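Work through each task with the model in view before reading its solution.

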Amino acid sequence: MKKIVVINGSPRPNWNTGTLVREAAKGAEKKGAEVEIFDLYRLEKFTGCISCFGCKLDPNKGRCVYRDGLAPVLEAIRQADGLILGTPNYLGNVSAGFRALYERLVFQSLTYKTEPRSYNEHKIPVLLIMTSNAPEEYYGPIGYKKMLNGYKKSLETIVGKTKLMIAGNTLQVSNYDRYDWTMFDPKVKQEHHEKVFPDECRKAHDLGARMVRRPW
């Protein structure tokens, strides 16, 4: 049985990002995978890479040695056959929690050698889902696509072939009337959410199923 690790990098477990990674998890489960889900913001306290370089020394080459809330997540990924990641777009980048995981996940495998470049020999497919208030068509003009492709390139080098999914123009809150946000038309945002988000859920579900059935 394949094992798929699913990570929600949003502080809200059941909002846009959390919903989409869970839909992807359901797709993987329907194809017979064992799924383990982590909500980063509900873990014990953790940090990004502390630059101790313990992962560059025997007997821990390629393994982060720092013991905090991310330690069991990194261990689960080592045993996984696929990885589903989700993060909201915060100020044009990933969430702080996701960035911490990314640093620890990628840096542990860097060899600082010309060959091999990575200690990780167990490559697995990765699905990276990003949600954002900004519509997907803005990603190119304002530089989000370049940012996201940078994460994709690093993940492919270290973890495995990575597929991107963007869910833009998301509903940020359930009641816009509480806020004086003159940039938005609450009715238009709600209508877009009701029309488009179910399709995005189905897409995430299908990608989760594909990760098990026919990995990229």
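A salt bridge is a side-chain nitrogen of Lys or Arg within 4 Å of a carboxyl oxygen of Asp or Glu. Keep in mind throughout that this is a predicted model, and that the structure holds 10 salt bridges.

**Exercise 1.** Decide which residue forms a salt bridge with Glu 36, and where the two partners lie in the chain.

*Solution.* Begin with the distance: the closest N and O atoms of Glu 36 and Lys 3 are 3.1 Å apart, and the two residues form a salt bridge. Finally, consider accessibility: Lys 3 counts as buried because its relative accessibility is 15%, under the 20% cut-off, whereas Glu 36, at 28%, counts as partly exposed.

**Exercise 2.** Determine which helix holds both Arg 78 and Glu 75, and which residues are linked with them in a network of salt bridges.

*Solution.* First, the side chains of Arg 78 and Glu 75 meet in a salt bridge, at 2.8 Å from N to O. Second, both residues lie in helix H2 (residues 71-78), where they are 3 residues apart, about one turn of the helix. Third, Arg 63 joins Glu 75 and Arg 78 in a network of salt bridges.

Terms used. Residues numbered from 1 in each chain as written. Predicted model: local features only at pLDDT ≥ 70, side-chain atom pairs only at ≥ 80, totals over all residues. Heavy atoms only, no water. Helix = DSSP H or I, 4+ residues; strand = E, 2+ residues; numbered from the N terminus. Buried < 20%, exposed > 50% of the residue type's maximum accessible area, 1.4 Å probe, protein only.
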